[in-house]
Amino acid sequence: MAVSVGIDLGTTFSAVAYIDPQTKLPKIIPNREGKNITPSVIQFVNGRAIFGSEAESAFNAGQSGCAATFKRGMGKSGAYCFIDDKSYTAEDLSALLLRRLKEDAEAELGDTIKDAVITVPAYFYSAEREATVRAANAAGIKVRKIIDEPNAAAMAYGLNNWRENANILVYDLGGGTFDVTLTRMGPNGDLSTITTRGNHLLGGRDWDDRIEQLLMDKFAAETGIDTHSGAGIKAMFRGMAEGVKKQLSAMQSVKVSASIPDFGSASVMVNRGEFEENTRDLLDRTVSLCNTVLSDAGLNIRDVTDVLLVGGSTRMPQVSRYILDMFGKKPITHVNPDEAVALGAAIQSTKENEPYAALAIQVMSDGKKVTAHSGLSSQVSVKPSQKLSSVGLLKLRETTAHAMGIIAVSTDGAGYINDIIIPANHPRPVRVAKAFAFYTSARGANEMEVYVLQGDKENPLDNQIPYKYLVSGIQHVKGQKGKTIIKVQYSYDNNGIIQVQARQESGCGDLPIRKEPVPEDMSKYALPIDPAEFLKPEPLNVVMAVDVSGSMDGDPLRAAQNAMCDFIRNMDFSFTRVGILAVSDRTAEITGLTDNEDACIRAIQSITSGQTGYCNSAHPFTDIRNMLADEDGRRFAVILADGVWRCQEAAIAAAKQCNHAEIETAAIGFGKADKKFLQDISSKDANALLVSQSELTSAFGTIAQSLGAAAQSGLDRSAADTETWDD
Ligand code: AMP
């Protein structure tokens, strides 16, 4: 029967565990060398990948063709390294390592691996988690779940040491990352993360760098040779550094010998005190993150029941001492930091995924939002430690390590902000939807850009921008300048991976959405917005040309004037200018383009029939073109006719020239007007309206509505939280 396993895919070491069917307890699966941990190192020799202690020794000896610490490059698209002219991404290398771990575990168990729970640093961003899933899939491993390393360690610890109501601070200092997580052991084996923070770029390697520097300084002083330059000598010290560091964890001082070019063999002593002094600032950085985690949770040092040390670098004695000084209690060191994470992952490999929860944000009277863990009580008494009877009792509730927001315009319109949709430290999986106002345009595709941010800094560019999505298929909305509501739903799934969906309030179902590369240059989102500019819709210039031939005399002209005045009253003169032409045997400009609504009304009311002759021998299109020639923005002409013009062909040709010059035309006809002619002088068939005299107002209303949607598209503003929806 195929088995489920837990995999700790570490920066420096990896391990695999499963639930032993006999004992029903988590157990490490040794690799083909019989070792519980496998170095996360690969050496390529003639294109063949070598793993295990052979690869590790080659790496430590500074041999070529080695790839190590590639976990640090997960989620980045570029090559992590080039070996024999072949490029490898961190994901490629992780896939090779995972395949090896799988093969070793299957050989040891004599069984196939069905699926796996894989651990990642709590502070891994969505892209890094996705890369981990892809690497596993490429290795032929189905991912049951991605869980956070500190939580896995806390589970392994909690199995034998359950202390109800205890707040456990998991201090996880690995080779390349540092995570600090506060978890609470609740009743009934319910382990939930309260808060978590981390630093991707802090880990054992930074201590190695300091040793390397120390060795260079000491050998330079000892030999008088410049040991700080030259790739070969640097590589030699680099290769020695980690070993010296580890020895200093067991001994007070270490004698280091090396052969120095142009000098010969030399030795120096490195002692623990000077190493600790030299790296104190690195430890300080970890402690300041511990303090942040406590303040995020609203707890203080006294509220921490226990500190659990995880990660190989916590073997440095100064870590335990520092924790003792800070928390006034000895940290828990009896879990094997190399194995605890894999064991915890194995426990989780027997569990089902949690369903999504919609986020309940409470809004306090002062308008502040509070999330799940605010106001966590610290006064609950901790019950004595117990052994849980079965791994089945353990339940894990993880939280979001990073807030997830969207780039939106601030409420005062002054600039762009990170509008947080899901706060940090909220139980996951979770989904939250928020409604945004969006202005559509009657022309062109209505597409909305969604920039996903991970982090809680207000300035968008101070956060990670893992994804850009383009939401398309937004229906143009007539009226209200095209304002519509787009609901954007963010989810953190069981694996801490982001999903984004969007819906239009008036539509049904999800809008099409696709990922696009995040542009290199995002600097515009750091600049202030001129609110007037930002809100100003595209200028609209309209010429109304009215037929004033003899047949319009009396009621028809009065009906036309009323309809035109209604049209004018429907327009928004903050961005619109209107000009009026009369046409029959010649044309006359009643008013040039103006944004004065009253002037337009007066001009319309001043029109009389026969003003420009009683027959229809002229057309207005040449004048329309001239009036609109130099105008910016949208250019539109509405022609009102009540009969058939004499110069039809010339009129059609001139109308086409207008259209060619990107002037849109609409024609409203009544009386003896001819639909075909109306269509021929309109820029699209829908703009040709043949109506009765009594329908003139509604015909102008139709045109006004389509013009009312001329506002700038793509304007999104933060709005209210809204109901979430299922996939
Ligand atoms: P991990 O990523 O949890 O596998 O941790 C690996 C890191 O732990 C590497 O930087 C190792 O150098 C470091 N490490 C392992 N053992 C020791 C030790 N005895 N003393 C100091 N650092 C150690």
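This is a predicted model: local features need pLDDT of at least 70, side-chain atom pairs count only at pLDDT 80 or more; totals for chains, interfaces and linings use all residues.

A polar contact is a pair of N or O atoms within 3.5 Å.

**The ligand and its surroundings**

- The ligand is surrounded by 14 residues, of which the closest are T12, G175, E242, K245 and S249.
- Helix α6, which spans residues 231-250, contributes the most to this shell, with four residues.
- The side chain of S249 has an N or O atom 2.7 Å from a nitrogen atom of the ligand.

**Residue N60**

- N60 belongs to helix α1, which covers residues 52-60.
- Is N60 buried, partly exposed or exposed? The relative accessible area of N60 is 34%, so this residue is partly exposed.
- Leaving aside residues up to four places away in sequence, N60 touches G239 and E242.
- N60 and G243 are 183 residues apart along the chain, yet their C-alpha atoms are separated by 8.7 Å.

**The nonpolar cores**

- In soluble globular proteins, nonpolar side chains tend to be buried together.
- The largest nonpolar core in this model has 46 residues, and those with the most contacts inside it are L169, Y171, L182, L215, F219, V256 and F327.
- Helix α8 (residues 280-297) supplies the largest share of this core, namely eight residues.
- Both domain 1 (3-203 + 281-363) and domain 2 (204-280) provide at least three residues each to this core.
- Residues up to four places away in sequence aside, L169 touches several residues, including V180, L182, C290, V293, L294, V307 and F327.
- A second, separate core has 39 residues, among them A559, V578, I607 and F636.

**Helix α4**

- How many of the 12 residues of helix α4 (residues 149-160) are buried? The number is 11, so this helix is largely enclosed by the rest of the structure.
- The buried residues of α4 include E149, P150, N151, M155, Y157 and L159.

Technical notes
Residues are numbered from 1 along each chain as its sequence is written. Side-chain values use heavy atoms; hydrogens and water are left out. A nonpolar core is a set of buried Ala, Val, Leu, Ile, Met, Phe, Trp, Tyr and Cys residues joined through side-chain atoms within 4.5 Å. Buried means under 20% relative accessible area, exposed over 50%, partly exposed in between (1.4 Å probe, protein chains only). Helices (H or I, at least four residues) and strands (E, at least two) are DSSP runs, numbered from the N terminus. Domain bounds come from an automatic or database domain assignment. Contact means heavy atoms within 4.5 Å. A residue is near a molecule or strand if one of its heavy atoms lies within 4 Å of it. A polar contact is a pair of N or O atoms within 3.5 Å; within protein, one must be able to donate a hydrogen and the other to accept it, and residues adjacent in sequence count only if both atoms are side-chain atoms.
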